[in-house]
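This report describes selected features of the structure shown below.

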Amino acid sequence: MDGMLVLDDEASIQLVNSAACQMMNRSEAELMGAVLELPAGVDGVVEFQIGLPDGSTRVLDLRTAAIEWFGSPASLVSLRDISARKKAEAELRAAHQELEHRVEERTAELRAANASLEKTAHLKDEFLANMSHELRTPLTGILGLAQVLQLPSYGEQNEKQLIALKNIEESGRHLLEVINNILDYSTIEAGKLDLRIAPCSLNEVCHSSLSAIRPLAQKKNLKVSIVVEPATLLVMGDTRRLKQVLTNLLSNAVKFTPEGGCLGIEAGLDESPGKANIAVWDTGIGIDSNDRKHLFQPFTQLDARLERKYSGTGLGLLLVKRLVELQGGQVLMQSKPGKGSRFSFTLPVL
């Protein structure tokens, strides 16, 4: 209920109701005839703070209207207690200010953390680049020497020695592949990979990639096929990186296809206008639907047991995904356990 007052032209209270008495914490006898000191220039509506006998204060919403009181000018004053609302508003403002202060502090902390992370990432990139160089330089020498020692000009080698030299060469090449994958991954994540997008022959890229893994396929007696139609099809991409993508996919196809199986490349115009579709398929072990979410995770393999049947760093498919995306494509996968897998992606045609 609103409080009501009638003030004469000298602001003396001539009438007061019980609600007004309760708001001002005074009796009717105390208020009658008392002067209510209103803020200067009050006209219409204003917030008015009043002191109470106990020393506390209350905030009132005060509204005035001009009337006549027994033939003399007077004012009708209505009062509404808005102390609770004003207190809530003040608390909200304080909470907002505190929140802003905390946000500023947290933002400053995050900026400092980001700066530290950027510095760490930069140091990591430098470390990986330096370490890769330091590892590849002697490794290249080891590979070269292992190849040279197999030549007749360096003397006759018995069968055991030749097998040992070939194992050294094969292990060295595997280690070099691991080092190159780690360096490429680091370069891509740092946003520093330099792609040279230009028209390239899809037929040449596919045949070159297949030639790189053909010896491995022959060792497992795998049947290899390739279909590129039309053979003159040109795509926009980085030739070196496209070969890396296909070689990674084909290497996985060889790795996960049992002896006597099949694998191949199929490439041609996509259903989408202006795009080519390139697919690598195999009749290998396939991938369970529950394992597909782990396919493109860094340093993750589906067979995570200590004695894994299939070796690798878990970076191959991630590099494939990143390299394809950087060239405007998207990797898609179809697979059934025991039936094989099919990895495909699209590229713009010239």
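In this predicted model, strand E3 (45-51) contributes three residues to the lining of the second largest pocket, the most of any contributor. Helix H2 (28-31) likewise supplies at least two lining residues. The volume of this pocket is about 160 Å³. Its lining includes Ile 13, Met 24, Arg 26, Glu 30, Leu 31, Phe 48 and Ile 50. By class, eight of the lining residues are nonpolar, one is polar and three are charged.

Strand E9 (residues 262-269) pairs with strand E7 and also with strand E10. The two pairings are set out below.

| Strand pair | Sense | Bridges | Facing residues |
|---|---|---|---|
| E7 (residues 223-229) and E9 (residues 262-269) | parallel | seven | Lys 223 and Cys 262 |
| E9 (residues 262-269) and E10 (residues 275-282) | antiparallel | seven | Leu 269 and Ala 276 |

E9 and E10 form a hairpin in which five residues lie between the strands. In the turn, Gly 274 has a positive phi of about 75°.

Helix H6 (residues 239-255) packs against helix H7 (residues 316-326) at an angle of about 150°, and their axes are 9 Å apart. The crossing of H6 and H7 is left-handed. On the H6 side, the contact is made by Arg 241, Gln 244, Val 245, Asn 248, Leu 249 and Asn 252. H7 contributes Gly 316, Leu 317, Leu 319, Val 320, Leu 323 and Val 324. The contact of H6 with H7 comprises seven nonpolar residues, four polar residues and one charged residue.

Notes. Residues are numbered from 1 along each chain as its sequence is written. This is a predicted model: local features need pLDDT of at least 70, side-chain atom pairs count only at pLDDT 80 or more; totals for chains, interfaces and linings use all residues. Side-chain values use heavy atoms; hydrogens and water are left out. Two strands pair if DSSP finds at least two bridges between them. Helices (H or I, at least four residues) and strands (E, at least two) are DSSP runs, numbered from the N terminus. Axes are lines fitted to C-alpha atoms, for helices over the stretch in contact, and angles run from 0 to 180 degrees between N-to-C directions. A crossing is left-handed if the near helix is turned anticlockwise from the far one by less than a right angle, and right-handed if clockwise. Contact means heavy atoms within 4.5 Å. Ala, Val, Leu, Ile, Met, Phe, Trp, Tyr, Cys and Pro count as nonpolar, Asp, Glu, Lys and Arg as charged, and the others, Gly among them, as polar. On a 1 Å grid over the protein atoms alone, a cavity is a set of points where a 1.4 Å probe fits but cannot get out, and a pocket is an open set with protein on both sides within 12 Å along at least five of seven lines; lining residues have an atom within 4 Å of a point. Grid points are joined across faces, edges and corners, and a volume is the space filled by probe spheres set on the points.
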